[in-house]
Amino acid sequence: MAHWPEYFSAAVAPGGEIMGYIMGKSEGHGQNWHGHVTCLSVAPEFRRIRLAARLMAELEDVSEKKRAFFVDLFVRVSNSVAINMYKLLGYSVYRTVLGYYSGDPDENAYDMRKALSRDIEKLSIIPLAHPVRPEDVD
């Protein structure tokens, strides 16, 4: 939070309870300069009111201002609800990261991306044909 305060946002209900929050950062070099969603969470009682979409839009706006080429995030391959939501927001699966989430058994992740206006040719979202390991993620 000290390095990227503009990438942290919370939605608070009139009664003071946290409805949801998003945390992120910017990273990379050259055409790999991007915004990254570290965490997005919406409390169950505040779901289905497009709060996640609004929080994602805020993070995308910050990334645009920082002249990022794209925004990315990681999601469990089993989380079909989140995957479908991200697809509705314009994200696509860029690659599969093998064993990204530890557990019993480990679970793969999708690296999902959305190109921003700086990536005119949408090169950042051309899917990789093969999966990668977590240590190969840059």
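Contacts between residues 24 or more positions apart make up 55% of the contacts in the chain with a separation of 6 or more, a contact being heavy atoms within 4.5 Å. The model is predicted: local features need pLDDT of at least 70 and side-chain atom pairs pLDDT 80 or more, while totals for chains, interfaces and linings use all residues. Residues are numbered from 1 along each chain as its sequence is written, and side-chain values use heavy atoms, with hydrogens and water left out.

Two helices and six strands are present, in the order β-β-β-α-β-α-β-β from the N terminus; these are DSSP runs numbered from the N terminus (helices H or I, at least four residues; strands E, at least two). Of the 138 residues, 38% count as buried (under 20% relative accessible area, with exposed over 50% and partly exposed in between; 1.4 Å probe, protein chains only).

Glu 60 lies in helix 1 (residues 51-65) and counts as buried because its relative accessibility is 11%. Its side chain is joined to that of Lys 114 by a polar contact of 3.1 Å (a pair of N or O atoms within 3.5 Å; within protein, one must be able to donate a hydrogen and the other to accept it, and residues adjacent in sequence count only if both atoms are side-chain atoms). Leaving aside neighbours within four places in sequence, Glu 60 also contacts Val 71, Tyr 91 and Leu 116.
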